Amino acid sequence: MALSIEAVQQALREDGLDGWLLYDFHGSNPIAARVTGVAASRKLATRRWYYLIPASGTPRGLVHAIERHNLDGLPGEKRAYAGRQQLATGLQDLLSGVKRVAMEYSPGNAIPYVSRVDAGTVEAVRNAGADVVSSGDLIQRFEAVWSQEALQTHVEASERLYRIKDRAFELIRERMKAREALDEYELQECMLGWFGEEGLQTDSGPNVCAQENAGNPHYQATRESHRAIRPDEMVLIDLWGKLRRPGAVFADITWMAYTGPTVPDEYARAFDAARQGRDAAIELVQTAIREGRDLRGFEVDRACRTVIERAGYGAQFIHRTGHSLGEDVHGNGVHMDDYETHDDRRLIPGTGFTIEPGIYTDRYGVRTEINMFIGEREARVSGPRQAEIVTLA
């Protein structure tokens with residue numbers, strides 16, 4: 001099992017919970033499948049299973065009779081069920097004595113990364129006599145915390161992404177100087193080739209966005225739909241990747257450039273507002289961790305967003321301030337968000353995330369993105385911070 005039962009039980013007692021009920025049906029809850037080790041077992045798992053880790057005592061499970069061995073790798077007794085009546089009775093027995101249980105549930109689906117258990121299953125658990133609360137902070141402790149080895153993979157991935165960013169800007173500069181054609185898709189494909197050279201993998205190609213396309217936060221150039229990169233234009237590149245090794249975690253950065261000798265004031269002012277918002281968020285995180293006080297994701301978003309709103313760009317900042325990083329680029333830890341959701345999970349040691357404010361219009365967009373890691377007594381940025389738009393003429 002990927003989890004330490006003793007550590008989970010200690011966390012449950014600290015949080016005043018009677019247990020953590022892990023549930024999956026046909027891969028619907030990848031968090032439960034990962035932390036129990038069921039996903040790694042590669043056993044056929046097409047029926048509902050439950051595994052309860054109580055705050056004290058021995059864990060116990062409920063598994064379908066035709067897949068009765070799927071939880072054999074976990075400690076504790078497992079009861080088999082077959083028909084739906086046996087399932088209902090088995091769930092009632094499984095939850096005997098449990099009044100308050102955590103599941104992968106988020107009230108109002110506020111945090112979709114946590115909300116993996118369907119409403120009907122939550123109803124069934126409640127009908128069995130248990131109150132269901134969110135396992136969000138438990139997930140952080142046991143899914144989102146990086147080992148020292150994982151942190152090192154992040155640092156190495158970050159260094160390689162910055163090298164790729166530099167190569168991308170240099171290629172733009174060379175083509176502009178030679179007055180040779182270059183388009184978003186060609187540069188994107190070049191960058192993917194450099195990912196291979198650097199030993200990085202990613203779940204999709206980087207974003208290369210020229211001028212008005214930079215105003216679309218999730219623009220993706222394709223072979224069929226892209227535009228040229230021309231002189232005197234803004235260029236946004238957003239790239240993310242991780243090392244090709246088990247347990248590696250992602251790095252994710254965004255940088256801005258201008259294909260002319262002098263950045264127009266309009267663009268420079270917008271970028272400076274985003275930069276100041278980013279730095280306000282970084283300062284809040286570093287101060288809180290240094291002082292040993294609790295800080296929650298929504299507070300970081302507020303700190304960043306307040307700066308941008310005061311600069312007059314609040315309506316153009318249309319996404320959260322940052323997201324968790326993990327083995328997936330959007331991890332299962334706390335997000336810096338009081339805009340799309342209200343993420344009240346704590347920032348805890350051993351976790352990493354992005355800070356990436358952006359300002360978007362129909363004519364252009366700007367964004368700056370850095371990565372942070374929370375240590376026991378300090379929080380640090382794992383790479384350079386962009387101070388101003390890079391000129392490429």
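Is Cys 190 buried, exposed or partly exposed? Cys 190 counts as partly exposed, at 24% relative accessibility. Buried means under 20% relative accessible area, exposed over 50%, and partly exposed in between (1.4 Å probe, protein chains only).

This is a predicted model, in which local features need pLDDT of at least 70, side-chain atom pairs count only at pLDDT 80 or more, and totals for chains, interfaces and linings use all residues. Residues are numbered from 1 along each chain as its sequence is written, and side-chain values use heavy atoms, with hydrogens and water left out.

**Cysteines**

- A disulfide is a pair of cysteine sulfur atoms within 2.5 Å. By this rule the count is 0 disulfides.
- Cys 190 is in no disulfide, and its nearest cysteine sulfur, in Cys 209, is 16 Å away.
- Cys 209 is buried, with a relative accessible area of 2%.

- Helices (H or I, at least four residues) and strands (E, at least two) are DSSP runs, numbered from the N terminus.
- Two packed helices are described by the angle between their axes and the distance between the axes.
- Here α7 and α8 pack at an angle of about 145 degrees, with axes 10 Å apart. Axes are lines fitted to C-alpha atoms, for helices over the stretch in contact, and angles run from 0 to 180 degrees between N-to-C directions.
- Contact means heavy atoms within 4.5 Å. Residues making this contact include Leu 161, Ile 164 and Ala 168 of α7, and Cys 190, Met 191 and Trp 194 of α8.
- The contact residues divide into 10 nonpolar, no polar and 7 charged. Ala, Val, Leu, Ile, Met, Phe, Trp, Tyr, Cys and Pro count as nonpolar, Asp, Glu, Lys and Arg as charged, and the others, Gly among them, as polar.
- Glu 156 is found in α7 (residues 148–178). Glu 156 is buried, at 18% relative accessible area.
- Beyond residues up to four places away in sequence, Glu 156 touches Leu 243 and Arg 245.

**Nonpolar cores**

- A nonpolar core is a set of buried Ala, Val, Leu, Ile, Met, Phe, Trp, Tyr and Cys residues joined through side-chain atoms within 4.5 Å.
- The largest core has 39 residues, and Val 285, Leu 347 and Met 372 touch the most other members.
- Elements giving two or more residues to this core include α9 (265–291), α10 (297–310) and β9 (234–243). The largest share, 10 residues, comes from α9.
- Leaving aside neighbours within four places in sequence, Leu 347 is in contact with residues including Val 285, Val 300, Phe 353 and Ile 374.
- A second, separate core of 28 residues includes Ala 168, Ile 229, Val 235 and Ala 257.

**Helix α6**

- In α6 (residues 136–144), the buried residues include Leu 138, Ile 139 and Ala 144.
- The buried residues of α6 pack against α1 (5–14), β1 (19–24), α2 (30–36), β5 (100–103) and β6 (131–134).

**Positive phi in two loops**

- Arg 42 is not a glycine, yet its phi is positive, near 60 degrees. Arg 42 sits in the loop between α3 (38–41) and β2 (49–54). Arg 42 is exposed, with a relative accessible area of 79%.
- Arg 179 also is not a glycine and has a positive phi of about 55 degrees. Arg 179 lies in the loop between α7 and α8 (184–198). Arg 179 is exposed, at 80% relative accessible area.
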